[in-house]
Amino acid sequence: MATSSASSWREGMSSDNIKGLCLALSSSFFIGASFIVKKKGLKKAGASGIRAGSGGYSYLYEPLWWVGMITMIVGEIANFAAYAFAPAILVTPLGALSIIISAALAHIILRERLHIFGILGCVLCVVGSTTIVLHAPQEREIESVAEVWALAMEPAFLLYAASVITATFILIFHFIPLYGQTHIMVYIGVCSLVGSLTVMSVKALGIAIKLTLNGMNQLIFPQTWAFTLVVTFCVLTQMNYLNKALDTFNTAVVSPIYYVMFTTFTIVASVIMFKDWDRQSPTQVITEICGFVTILSGTFLLHKTKDMADGLQTSISIRLPKHSEEDGFDGGEGIPLRRQESMRST
């Protein structure tokens, strides 16, 4: 069995997979930090204009928000490159590291206290990510962007894409006007659903660029530009609704929930489109699923820390609106999940 495990490691961690792994790790550092910088910018902009959660765009005039945005872009570029070298089932779960960085910095900089079980959740995220990395499949050999387009045009993926688009429109036009300010899953649902299509298109575009740099020009194919348009539209949509989620809810809660949903939909999309699990044994697939469940357990703990009261001060802070700190109240250890407008002083 030890020999089999060693063989599985050598097969899974090809040179391309290692490049993708390194790029994904660096991406997580930048993205995790960008959440905090952008949140600071959103708070500062909201103090002098209409908040993003209320439909405002004053943050576009705030330099600090742009610093966070540039930091996120650097991380996304590294992430973009990672998808060109490694399968999504390897790259995407490593986003758990950005959760840890984001939660730690939120604890230090934003004073959004992290419970001891939140720390345990971070550890579980690392363990689950490591499990997935050790059993990740090799990257699929693709020789042209037209081949990726053919995979995207298969009935199974077309059905998935149609379901995602339908669900996104329902969330945007029906649920967001009713529940956007009180239910965290609405904004994050839009980001995660659209994000799964973003990753598939980013991977296709990354493969096209990699092949072009290797001497096989893919820019002459219309499919390359079609994937570019999809990436542009999806990224803008994600950015808009992620800003609303960050401005309305606690960073330490937004980050893990977004990670869980985004990763789940991305893995589903990758399994359908690129058939990642077709190239693996049942043991490897089950191990990867167990690794992902471990990550889900970690993010669940991070999420549930919002309900853990630690004395009267914490109980008071849980009942206060998210922006109470901005009004001069030191919120204690509670992590409020949603704004409660009825309790805001006017």
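Visitor: Which helix does Gln223 lie in?

Guide: Gln223 lies in helix H10; a helix here is a DSSP run of H or I with at least four residues, numbered from the N terminus. The model is predicted, so local features need pLDDT of at least 70 and side-chain atom pairs count only at pLDDT 80 or more, while totals for chains, interfaces and linings use all residues. Residues are numbered from 1 along each chain as its sequence is written, and side-chain values use heavy atoms, with hydrogens and water left out.

Visitor: Why is Gln223 called buried?

Guide: Buried means under 20% relative accessible area, exposed means over 50%, and partly exposed is in between, with a 1.4 Å probe and protein chains only. Gln223 has a relative accessible area of 17%, so Gln223 is buried.

Visitor: What does Gln223 touch?

Guide: Leaving out residues up to four places away in sequence, Gln223 touches Val145, Ala146 and Trp149. Contact means heavy atoms within 4.5 Å.

Visitor: What makes Cys22 partly exposed?

Guide: Cys22 has 47% relative accessibility, so it counts as partly exposed. Cys234, at 5%, counts as buried.

Visitor: Where is Thr92, and is it buried or exposed?

Guide: Thr92 sits in the loop between H4 and helix H5 (96-108). Its relative accessible area is 5%, so Thr92 is buried. Not counting residues up to four places away in sequence, Thr92 touches Tyr83, Tyr259, Phe262, Thr263 and Thr266.

Visitor: Which residues of the largest nonpolar core touch the most other members?

Guide: They are Val148, Phe157, Ile188, Met200, Leu242, Val254 and Met273, out of 65 residues in that core. A nonpolar core is a set of buried Ala, Val, Leu, Ile, Met, Phe, Trp, Tyr and Cys residues joined through side-chain atoms within 4.5 Å. H9 gives the most to this core, with 17 residues.

Visitor: Why does this core lie between domain 1 and domain 2?

Guide: Domain 1 (15-112) and domain 2 (138-279) both give residues to the core, so it lies between them. The domain bounds come from an automatic or database domain assignment.

Visitor: What does Met273 touch?

Guide: Met273 touches Val148, Leu151, Ala152, Phe157 and Met200, again without residues up to four places away in sequence.

Methods
Helix = DSSP H or I, 4+ residues; strand = E, 2+ residues; numbered from the N terminus.
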